[in-house]
Amino acid sequence: MTVPRQSTPDDLPKPPENHRHMVRRRWVTAIVIVLLIGIPAGYLVISAGQSRRSGLDKELESSATGLTDAVPSRMKQRVFEVPIPARATNVRYYETSNWKSSRLYVQFNVTSGRLDTFLTELGSHRSELKEGNVTIAPRDSRTVGWNFVPTRVWSGTTHKQKDPRPTQNITVDLSDPAMPHVYVVSTTTP
């Protein structure tokens, strides 16, 4: 003999959905759709804006025809091995590139102690600065409008490194020993 099967709660017909539950379900669905579509779309809009600004910044930088009143990017400082000292003032730079070489022209004012730190980080030393020596070529000084007049107290050195590492020509105006003015031309060849 068989006993009739008892119905379980899952087998019972569902009660009709009340209005409050329907509204709540629709809101949850709408929020999920907004999150799945809105967040990626917002990300794309923000990324496009940043990309456009980056392109405009690069365009401005590449169209520069002389020194720019700014600190070169960390990447440029690493590539050309020109570490700008902390608290350097009047920092200006200009970059040129062609198929033969790339050059980074940098100038800044720095305290006497920070000059020593800069030279050490560069791999040089103050004792390597030769008094009366302007190591930046006339062609390079004309490129950015530097004028190394003989009435100033100049000292300079060239920090040569094995390719592909850059070579830096450093000239320092020591007319004010407490606040030297540093000029650097760092040249890399591919």
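**Notebook: a sheet, a helix and a glutamine**

I began with a pair of strands: β2 (residues 102-109) and β6 (residues 181-188) run antiparallel to each other and are joined over 8 bridges. I kept in mind that this is a predicted model. At one spot in this pair, I found Asn109 standing opposite His181 of β6.

Next I looked up the whole sheet. It is open, has 6 strands with antiparallel pairing, and reads β1-β2-β6-β5-β4-β3 in order. I then asked myself which strands stand at the edges. They are β1 (89-97) and β3 (130-131); each has a single partner strand, so one side of each has no neighbour in the sheet. A reminder to myself: strands in a sheet pair through backbone hydrogen bonds, in a parallel or antiparallel way.

My last stop was Gln77, which I found in helix α2 (residues 74-80). Is Gln77 buried or exposed? Its relative accessible area is 10%, and under 20% counts as buried, so Gln77 is buried.

I also wanted to know what the side chain of Gln77 has around it. One of its polar atoms lies 2.9 Å from the backbone oxygen of Pro72. For the backbone nitrogen of Ile84, I noted a distance of 3.1 Å to a polar atom of the Gln77 side chain. Leaving aside residues up to four places away in sequence, Gln77 touches Val71, Pro72, Val82, Pro83 and Ile84.

How values were computed: Residues are numbered from 1 along each chain as its sequence is written. This is a predicted model: local features need pLDDT of at least 70, side-chain atom pairs count only at pLDDT 80 or more; totals for chains, interfaces and linings use all residues. Side-chain values use heavy atoms; hydrogens and water are left out. Helices (H or I, at least four residues) and strands (E, at least two) are DSSP runs, numbered from the N terminus. Buried means under 20% relative accessible area, exposed over 50%, partly exposed in between (1.4 Å probe, protein chains only). A polar contact is a pair of N or O atoms within 3.5 Å; within protein, one must be able to donate a hydrogen and the other to accept it, and residues adjacent in sequence count only if both atoms are side-chain atoms. Contact means heavy atoms within 4.5 Å. Two strands pair if DSSP finds at least two bridges between them.
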